[in-house]
Amino acid sequence: MYGKWKDSWLFNVRKDVLSGITVALALIPEAIAFSILAGVDPMVGLYASFIIAIVISFTGGRMGMISAATGAMASLMGPLVAKYGIEYLFAASILTGIIQYLMGVFKFGKFITFIPHSVVIGFVNALAIIIFMAQLPSFAGANWQMYAIVAGTLVIVYGLPRITKAVPSALVAIIVMTIISINLHLDVRTVGDMGEITQTLPFFHIPDFHLSLQAIGVILPISLALAVVGITESLMTATIVDEMTETKSDKNKEVRGQGIANVFSGFFGGMAGCAMIGQTVINVKSGGRSRLSTFVSGVFLLFLIMVLGNVVKQIPMGALVGVMFMVSIGTFDWKSLRTIAKIPRSDALVMVITVAIVVATSNLAIGVLSGVTLSALIFGWRSAKIKAFTSIDANGAKIYRVSGQLFFGTMTYFIDLFDYRNDPETITIDFSSSHVWDHSAVTAIAKTIAKYEQLGKTVICIGLNEESKLLVKQAS
């Protein structure tokens, strides 16, 4: 047990600590912005980010991934808060966590394997575009000093690694730009302009929520939506980090961990959250790999709020915007632009539609669901092709060699393959190049045999594999 704990926490200490600090700095404006989106006090998002990061570092299944308050989740909370108040939000966050934990227990994480690669690429590219677009409002009414800070940040972010990689370039950029902004008294927007940061600790709080069927009926639809959106974003982010780091993760454990973290968040004055692709990319690109990086991001976020609150308020938004531009550029799969003309048109279509829907709706879950649905329809269309090659054997019997998948989508086509009236007295149907998948397929075979028998003809079925035989036997 100790060895496993050590492997998960202490194999990359220096880089994990520095990357966690970098992430914590980037979390603050995001958490405040998402709180505003949800219609709650900025501290609700900050508490959620701190608590979720700490808890998920112990309970999650993907090392090095950052989870906190997110925009996708916050956008679903606004109507609930506006109509019923913040106590209902806390209750909904707890119920979201319970639902997610049960999803993990029942192994919902395995459904990530059903998401095609074209949808994953579309998801990644859409996220990159959303992250980029989310920074643009910061330029509204901005002066040249804002642009200079953004430019300076990008110079440090991309230039420092050419000199040294001992420290994350994003962290150095934020610190340097903050020092310059403070010493030169630059007229730029700062983190403090986004919302009030109070130096108070979160405390355990049971939501003031009257438990009744009516109240449950209010929060259950919201909690279900939050749970689905949360695990979708978390599992997609985990998959992306798996590919970036060439490591594997336990998706079901991640779902359970997200659930536990959201339960804690609801009881400590926070809102439900999930994995954050932007901050996760910052963490990974800054060298974060273990649970320690996630833990440090949460602990240092609390430290920033409690101890360095007055300093944090002076961080120029331009520095954080520059870092997020780096995240957007690094997240986008530029290779997909070069290969889009070479991959199958259907895959390219799925990728483009996924990007378009995610960008248009700003809802990652809807985009992914749409992409998966379209991919399934395309797969079903391709699979719904069945044909038969015919021949006559030495005894005069006609042989139909069926090629293709037998399921509900090919049932009608299968029945129409045969020339019932003109065929000889004996017919052999060879299923060696086919597979029976469902009850509809069994029904189609039974109908075919019945039609021949009505004409006084004999049908012999051969070549069924063991799985098909078992299904036919069970359904007969």
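Which residue stands opposite Arg401 in S4? In the predicted model described here, that residue is Phe389. The model was treated with confidence limits, in that local features need a pLDDT of at least 70 and side-chain atom pairs count only at pLDDT 80 or more, while totals for chains, interfaces and linings use all residues. Residues are numbered from 1 along each chain as its sequence is written, and side-chain values use heavy atoms, with hydrogens and water left out.

The pair just named belongs to the contact between two strands, where helices (H or I, at least four residues) and strands (E, at least two) are DSSP runs numbered from the N terminus. An open sheet is formed by 4 strands in the order S3-S4-S5-S6, with mixed pairing, two strands being taken as paired if DSSP finds at least two bridges between them. Strand S3 (387-392) and strand S6 (458-462) stand at the edges and have a single partner strand each, so one side of each is left without a neighbour in the sheet. Direction ignored, neighbouring strands of this sheet are turned by 20° against each other on average; axes are lines fitted to C-alpha atoms, for helices over the stretch in contact, and angles run from 0 to 180 degrees between N-to-C directions.

S3 pairs with strand S4 (residues 398-406) in the antiparallel sense over 6 bridges, and Ala388 stands opposite Val402 in S4. The hairpin of S3 and S4 has 5 residues between the strands, and in this hairpin Gly396 takes a positive phi near 90°. S4 and S5, by contrast, pair in the parallel sense over 8 bridges, with Thr428 in S5 as the bridge partner of Ile399.

Grid points are joined across faces, edges and corners, and a volume is the space filled by probe spheres set on the points. The largest pocket has a volume of about 880 Å³ and is lined by 35 residues, of which Glu30, Phe34, Gly71, Ile130 and Ala134 lie nearest its centre. Elements giving two or more residues to this lining include helix H2 (13-38), helix H4 (71-84) and helix H6 (117-135). The lining of the largest pocket comprises 22 nonpolar, 10 polar and 3 charged residues, where Ala, Val, Leu, Ile, Met, Phe, Trp, Tyr, Cys and Pro count as nonpolar, Asp, Glu, Lys and Arg as charged, and the others, Gly among them, as polar.

For the second largest pocket the volume is about 440 Å³, and among its 17 lining residues Phe111, Val228, Ile231, Thr232 and Leu369 are the closest to its centre. Helix H9 (213-245) and helix H17 (364-383) each supply at least two residues of this lining, which has 15 nonpolar, 2 polar and no charged residues.

The count of cavities of 30 Å³ or more comes to 1, and the largest cavity has a volume of about 60 Å³. Residues lining the largest cavity include Ile56, Arg62, Glu254 and Arg291, and helix H3 (42-59) and helix H12 (291-306) each supply at least two residues of its lining. By class, this lining has 3 nonpolar, 5 polar and 3 charged residues.

Technical notes. On a 1 Å grid over the protein atoms alone, a cavity is a set of points where a 1.4 Å probe fits but cannot get out, and a pocket is an open set with protein on both sides within 12 Å along at least five of seven lines; lining residues have an atom within 4 Å of a point.
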